[in-house]
Protein chains: 2
Amino acid sequence: MRAVVVVPSTAPKVKTDAIQYYGAELVTVAPTMSARLAATEELAARHGYVLIPPFDDRSVIAGQGTIGLEIAADCPQADLVLVPVSGGGLISGIAAAVRACCPRAAVVGVEPELAADARDSFRRGERVAWPAADVQRTIADALRVEQVGVLPFAHLRALVTDIVTVTEDEMRAAVRLLALQARLVAEPGGAAAVAAWLFHARELPSASTAVAVLSGGNIDPELLARILATD
Amino acid sequence: MRAVVVVPSTAPKVKTDAIQYYGAELVTVAPTMSARLAATEELAARHGYVLIPPFDDRSVIAGQGTIGLEIAADCPQADLVLVPVSGGGLISGIAAAVRACCPRAAVVGVEPELAADARDSFRRGERVAWPAADVQRTIADALRVEQVGVLPFAHLRALVTDIVTVTEDEMRAAVRLLALQARLVAEPGGAAAVAAWLFHARELPSASTAVAVLSGGNIDPELLARILATD
């Protein structure tokens, strides 16, 4: 099926290369949520395309929820599930499934401290937007979203226990440890939940079995090489 | 349980560090099979230790065979199984299990061309030893063995279809591809079977579903960084 993928101009080369390698058409726009939304809506309107939003959508959230079903099936004893948060779709689906299947498990979101709009929204009880330029600072390109979605925010309030933040160095350390000890390649945003477990255990609900979701492995080889070469 | 691990002086730091990190005592000897065997036999005799040989042992081979049982359970349609060969214990166990459970699957061994003693032995119909200095040349430290074991050689003759060799660059390319596309960290010897599948398909039995065993992920971070930084 033909696909057109709209990405911010700050997307890493490994992701834009992969999009084109798999045969999709790449459209690059300014690195803001509003630019992406405007471009996709215009493409959909002009060409009759089906729009697949990144997170603020019931079907997308339900799809992400299958990860929660897998956690419940593979690890029913889990009492803490850590999930990276960007627009909030991933944690929404996972929290809905985990809370339904394993009610005693707490679900906690993890954000970079350089893009902590969801943490701020969660604390204040209303959706807070960060400036687009600010969220661009984090190495975790997958988590550079200025504001959680409307549906995700409702899920956060109803189903999520807390949102904690991690530093850039903590994400780098988690990428390194995952590669060298778990033999898994994760990108910085994908490793954020592991970083929270490694470095922020005291801020997390006490747990005997924690599950960390690795939500992406598309890391530029040069970045991974730099992280591995630094002890 | 207390453990003493005898390693060649050429073992990579990541492996010796891990042995000590997990609490075992490290004994370093010259990089030859005979030096390792002499040291372990002397330790066992002097202290009453139980000797766990690396490959030429029925129990060790049977233990490795559980990987073959897993392949048969997870991928019963497999018609080709590729296994790295060093002393030959791993492929012996896997071949015994795979040939029993999936008789139509061929099992093929993979060696570095710089340490191809098993290939030579297989071709000549008798165990051939390579000079210890020669097998040290390969980047695949896990496959630096001068000669396959007696029991493994009997398994190779009875159960294995062929042994193919891969170059150093092919193993490096397989490590890189596994990290960036499969998101799995393998050491060079551990990636040898994937290298054979990538670069020597024409030498392999024709297959619709090939399984490559990744037999190790203990790669020095500096080496992995160099492999990732080189396109």
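Biologist: How much area is buried between chain B and chain A?
Modeller: Keep in mind that we're looking at a predicted model. The size of an interface is often given as the accessible area lost when the parts come together. Carbon and sulfur atoms give 61% of that area here, and the total between chain B and chain A is about 1,300 Å².

Biologist: Which helix gives the most to the side of chain B that touches chain A?
Modeller: Helix H8 (168-182) and helix H10 (221-229) of chain B each supply at least two residues to that side. The one that gives the most, with five residues, is H10(B).

Biologist: And how many residues on that side of chain B are nonpolar?
Modeller: Let's sort them by type: on the side of chain B that touches chain A, two residues are charged and two are polar. The nonpolar ones there number ten.

Biologist: How many salt bridges are there between chain B and chain A?
Modeller: The contact takes 14 residues from chain B and 14 from chain A. Across this interface, six residue pairs are in polar contact. A search of the whole structure turns up 16 salt bridges over all chains, but the count between chain B and chain A is zero.

Biologist: Which residue of chain B forms a salt bridge with B:Glu187?
Modeller: B:Glu187 is in the loop between H8 and helix H9 (192-199) of chain B and its partner is in helix H1 (residues 13-21), so the pair ties together parts that are 172 residues apart in sequence. Both residues are buried. Their closest N and O atoms are 2.6 Å apart, and the partner is B:Lys15.

Biologist: With which side chain does the side chain of B:Asp120 make a polar contact?
Modeller: B:Asp120 also forms a salt bridge with B:Arg119, with the closest N and O atoms 3.0 Å apart. Leaving aside neighbours within four places in sequence, B:Asp120 is in contact with B:Val128 and B:Trp130. The polar contact, at 2.9 Å, is with the side chain of B:Trp130.

Biologist: Back to chain A: how far does helix H3 reach from its first C-alpha to its last?
Modeller: Helix H3 covers residues 58-74 of chain A, which is 17 residues. At 1.5 Å a residue, 24 Å is expected. The model comes close to that, with a reach of 25 Å.

Biologist: Which residue caps the N-terminal end of H3(A)?
Modeller: Some of H3(A) is tucked away: A:Val60, A:Ile61 and A:Gly65 are among its buried residues. What covers its buried residues includes strand S3 (80-84) and helix H4 (89-101) of chain A. At the N-terminal end, a side-chain oxygen of the capping residue lies 2.9 Å from the backbone nitrogen of A:Ser59, and that cap is A:Asp57.

Technical notes
Residues numbered from 1 in each chain as written. Chains lettered and ligands numbered in written order. Predicted model: local features only at pLDDT ≥ 70, side-chain atom pairs only at ≥ 80, totals over all residues. Heavy atoms only, no water. Helix = DSSP H or I, 4+ residues; strand = E, 2+ residues; numbered from the N terminus. Expected span 1.5 Å × (residues − 1). Buried < 20%, exposed > 50% of the residue type's maximum accessible area, 1.4 Å probe, protein only. Contact = heavy atoms within 4.5 Å. Polar contact = N/O pair within 3.5 Å; in protein donor to acceptor, adjacent residues only side chain to side chain. Buried area = accessible area lost by both parts, 1.4 Å probe. Salt bridge = Lys/Arg side-chain N within 4 Å of Asp/Glu carboxyl O. Nonpolar A, V, L, I, M, F, W, Y, C, P; charged D, E, K, R; others polar.
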